[in-house]
Structure formats: C-alpha cells, structure tokens
Amino acid sequence: MRASSLSYLLREGMRSIFKNRMISLAAIGVLVACLLLVGASHLLTQNVNSLVGYLESQNEVMVFLDDAAKGEDLTYVDTKLRALDNIASVTFISREEGLKTWMEQLGDDGTLLEWLVEDNPLQNSYRVVLRDLSRMEETLSQIRNIAGVETISASREMAQAVTSLKDGIARAGFAVVVILAGVSLVIVANTIRLTVYSRRKEIGIMKYVGATDTFIRLPFIAEGILLGVISATIAFLLLWAGYTGFVRWVQEGSFAWAGILQSHIVPFSSVASRLYLYFLAGGVGIGTLGSMIFTGKYLKV
Amino acid sequence: MVHFEHVKKNYADGLCALEDVNLHVDKGEFVFIVGASGAGKSTLLKLILREELPTAGTVRVNNVDVARLRRREIPFFRRSIGVVFQDFRLIPHMTVYENVAFALRVTNAPVREIRKRVPFFLNLVGLADKARQMPEHLSGGEQQRVSLARALVNTPSLLIADEPTGNIDPAMSCDIVDLLGEINRCGTTVLMVTHQIPLVQRFGHRTVAISQGRVVHDGRIGGGSARKQS
C-alpha cells in the first residue's frame with residue numbers, strides 16, 4: 001500500500017470518528033468501561049494469586065517418620081521425598097531439634113519439658129511445602145507410600161480453600177472477559193454500522209469509479225482500529241491512576257489485613273506493559289472485528 | 001464497444017425490464033438513448049456496468065462478457081467506464097479537486113499522477129479556477145462538469161451519462177452535451193440517456209429509443225436513416 005493511501009485511510013478514519021463524535025464517544029465510553037473492568041479483574045487476579053502464593057508457602061505438610069527408621073532409612077526417605085515433582089521444599093527436623101524448638105516456643109516455661117530430653121517422645125519429621133495445592137491428595141498418598149513414613153499431618157481445608165479460591169477467580173475473570181468482549185463487539189459493530197449507513201452514497205460512488213471492496217472497507221476498519229487504540233489508551237491511563245491510588249491507600253492504611261496486603265500487593269509497573277498490550281490487542285481486535293461485521297452488507301455489487 | 005445480443009432481463013419480482021434487446025455501439029460513437037421512465041433505460045445501463053446480470057443473451061462491453069466477470073474483477077472492469085449521473089453524486093465534504101482526485105485515489109494512483117491529471121481535466125471542463133470550492137457552492141451545471149471530470153480522469157474508453165442534463169437549465173444542458181461531444185471527438189465512446197427530445201433533435205446523433213423493454217427505434221431523429229427494429 002502506498003503511503004498516500006495509508007494517510008488517506010487514517011484521515012478518513014479520524015474524520016469519521018469526529019463527524020459522528022457522539023456515537024464515537026459512546027463507543028469509546030463503553031469500550032473504556034469494558035477494558036477497565038477487564039483490567040481491574042486482571043489486577044485482582046494477579047493480587048489474589050500473589051496472596052495465594054504466600055498462603056501456599058505457609059501451608060506445610062508434616063511428615064512423621066517411624067521411630068525404627070534410622071541411618072540409611074532416613075537417607076532413603078530423604079531421596080524419595082525430594083524426587084517427588086510437586087514438592088517446593090523439604091526440611092528435615094530431627095526429634096532433638098523438634099524438642100528444642102518446642103521448648104523455645106514455651107519460653108520460660110520450656111524448662112518444664114526438660115525431663116523429656118532423656119526420653120524424647122517426638123518423632124523425626126520432615127517439613128514439606130507443596131508446589132501445587134490442588135494436587136495435595138495425590139502427593140500425600142505418594143508420601144504415604146514411602147517406606148519409613150508413619151503419619152502425615154496436613155491442613156486439607158486450607159488447601160481446598162486456597163485451591164477453590166484460585167479456581168473461582170480464574171473462572172470469574174474469564175467470564176468477565178468473555179461477556180465484556182461480547183458487549184463491546186456489539187457496540188463497536190453498531191457504531192461502524194451507523195457510519196457505514198451515513199456514507200452509503202459515498203460507497204456507491206466508490207463502486208462506480210472502480211474501487212475494490214478492500215479499498216471501500218479499509219477506512220471503516222481503520223475507524224474501528226482507531227476507536228480501539230483510543231479506548232485502550234484511555235482505559236490504561238485511568239487504570240494506572242486508579243490502581244496507584246488504591247495501592248497508596250492500602251500502604252497508608254492501618255486495617256487488619258494491611259500488613260499482609262502491603263507485602264504482597266502487585267506493583268502496577270510489573271503488569272503495565274503487559275496490560276497495555278492486552279488492552280491494545282483487545283481494543284484493536286474488537287474494533288477490527290466490529291467494523292468487518294456490517295461493512296460487507298453494504299458492499300453487494 | 002457495447003454489444004447486446006438477444007438480451008432479456010427479468011427481475012426477481014417478475015418484472016420484465018428488457019425483452020430481446022439487440023444493440024451494437026461501435027468505438028467512437030455518440031449514442032442517445034431515449035424512452036419514458038420505466039422503459040428499461042436504467043436496466044440497460046446497469047447491465048453495461050455489471051450491476052445486474054442478463055437473464056438471457058449476452059452483454060459484451062470492451063470485449064468483455066459481463067456475465068463471465070468474477071466478483072473481484074468487477075472494480076477493474078468499471079475503471080474502463082466513466083459514469084455521470086443526473087444527481088451528480090459528488091462527495092459533499094470534499095473540494096472539487098478532491099472529488100476528481102478521489103476517482104484516481106481509489107485506483108491507487110501515485111500522487112504525482114493525481115497532481116498532473118486532476119488540473120488537466122478540471123481545465124478541460126472549464127473549472128480550473130473552482131478547484132478549491134466545495135460542491136455546494138457550485139451551480140448545477142458546474143457540479144455536473146465536476147462529475148464529468150471525475151468520470152474522465154481515469155481516461156475511460158466508454159462514457160455513460162445517465163440523464164446528465166436532467167437537473168440543469170436548458171442553456172447549461174447544451175453546454176454539457178457540447179462538452180460530451182468534444183470528449184467524443186477525442187475518441188471516447190459516449191452513451192447518453194435522456195428524455196429531452198429537443199436536445200436529441202438539436203445534436204442529431206444516433207438515437208436508440210426504448211419502449212416497454214424493446215428497442216423501437218435506432219437511428220437519427222429528424223433526418224438520417226432510421227433503422228426500425230422488427
């Protein structure tokens with residue numbers, strides 16, 4: 001395509017947006033609103049994931065070993081545990097260490113446990129952190145099958161809650177994106193339909209002077225793309241301002257969860273470029289698709 | 001240039017617009033097409049422009065059988081035909097210059113070419129000094145001349161004028177037909193649809209009369225050798 005044709009397309013797209021500015025504004029408004037909601041749900045998902053990641057790392061499984069297991073048996077259990085694929089970390093806690101920690105936790109009252117040093121009732125154990133909580137049952141049964149393992153203590157409820165929270169948010173996020181993409185597609189398509197309708201005479205003339213279908217269609221597609229780019233940029237800037245404000249509010253806040261939130265909040269800069277790319281892709285995609293739906297109808301020879 | 005052989009056109013609603021039309025226009029001819037409204041003149045033009053397809057018979061324009069044109073070939077076929085309408089059909093938000101340049105732009109012509117051709121054709125129709133005006137500020141006759149410049153800028157071998165003088169006062173009408181005559185003398189075949197019989201008589205070109213979908217007269221009106229159709 002010639003540079004003059006490209007500049008003609010852009011000029012026509014801009015002119016059309018400006019000429020039908022009320023309709024264009026409405027379309028940009030709806031697109032911005034949709035992108036904002038999608039962006040907000042993306043940020044929410046990112047933050048929940050970051051928080052869930054923290055909770056997951058806090059969710060430990062205690063693996064208690066048979067008292068009979070000693071020496072080589074312990075090495076065997078160690079190797080087997082570390083070989084499992086869903087394991088993030090494995091820490092061995094000997095019975096002596098266990099008792100020491102317990103005594104330390106009791107502080108001054110720890111001396112009450114001194115009589116246990118001679119005849120330690122605790123078992124050798126492993127503190128295991130899982131990688132993926134949704135596969136907890138599978139991993140637990142693998143651990144249980146290792147010779148030398150006696151009992152396992154794990155908080156299944158916690159694991160389930162975290163897993164279902166993650167699933168729920170992923171599903172809700174997906175639903176939000178699908179529904180809003182549908183809504184904005186309809187709005188953009190109708191905006192373009194109105195511009196196509198208002199220019200049907202021009203389209204007729206173009207056909208008589210021998211314009212190809214592509215040439216006739218491109219200004220409308222350019223208009224759709226421009227609507228997408230403008231909306232994406234506005235939505236991105238609004239979300240940036242809004243999120244930065246929210247982060248400041250959380251960091252200055254002194255409410256119950258503030259501590260955990262503060263340390264796990266996702267900074268905007270870490271998602272900014274990806275988010276703008278998503279917005280552009282979404283805006284341009286919807287703009288292009290929306291403008292292609294109805295232009296065909298008016299192009300019948 | 002334009003050949004109709006036993007052409008019949010029925011519309012989907014059962015209307016029979018053309019019935020066994022045979023018409024041959026040679027290269028370089030100037031032909032008037034006359035007839036009452038509903039006689040089939042518009043259908044004739046639509047068939048030439050490949051807006052419609054014949055129900056039976058063949059329509060050949062520039063040695064192209066219009067029925068055999070593929071959809072994507074139609075725009076390129078139309079570039080060899082210039083069209084002028086009764087209602088001018090200028091784009092209101094473009095200047096005179098832009099309206100003419102538009103026809104070149106859709107063919108992806110280089111800017112250099114546009115800058116050369118547009119002034120030439122505006123000069124030809126006598127509107128070189130109005131290039132920067134908007135169509136609404138021009139008289140009917142002037143608007144039609146812009147439309148003519150637009151039709152000619154791609155140097156078509158065939159020019160179709162659909163009642164070009166229908167919205168113009170009689171004096172201006174003669175100017176337009178004079179202009180069409182000049183274009184014709186330069187080698188362009190001209191087909192002009194009109195129902196202004198005085199104009200036809202005055203210029204004395206070959207005249208094809210259509211009535212109820214049939215060619216009922218072919219020849220000069222008021223003299224010359226009329227070829228009565230059987």
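Which residue stands opposite Val61(B) in β5(B)? In this predicted model, the residue opposite Val61(B) is Val64(B). Residues are numbered from 1 along each chain as written, with chains lettered from A and ligands numbered from 1 in the order written. Local features need pLDDT of at least 70, side-chain atom pairs count only at pLDDT 80 or more, and totals for chains, interfaces and linings use all residues; side-chain values use heavy atoms, leaving out hydrogens and water.

The model has ipTM 0.80 and pTM 0.66. Mean pLDDT (the predictor's confidence in each residue, from 0 to 100) is 89 in chain B, where 96% of residues reach 70 or more. Over residues 224–230 of chain B, pLDDT stays under 50.

Strands (DSSP runs of E, at least two residues) and helices (H or I, at least four) are numbered from the N terminus. In chain B, β1 (residues 2–10) and β4 (residues 56–61) pair antiparallel over five bridges; pairing requires at least two DSSP bridges. Glu5(B) has Thr58(B) as its bridge partner in β4(B). β4(B) also runs antiparallel to β5(B) (residues 64–65), joined by two bridges. Two residues lie between the strands of this hairpin, and Asn62(B) takes a positive phi near 55°.

In chain A, helix α4 covers residues 95–106. Its buried residues (under 20% relative accessible area, 1.4 Å probe, protein chains only) are Gly98(A), Leu99(A) and Met103(A). They cover an arc of only 130° around the axis, so they lie on the same side of α4(A). The face turned away carries Lys100(A), Glu104(A) and Gln105(A), which are exposed (over 50%). Gly107(A) follows α4(A), with a positive phi near 65°.

Notes. Contact means heavy atoms within 4.5 Å. The expected span of a helix is 1.5 Å times one less than its number of residues. The arc is that of the directions from the helix axis to the C-beta atoms.
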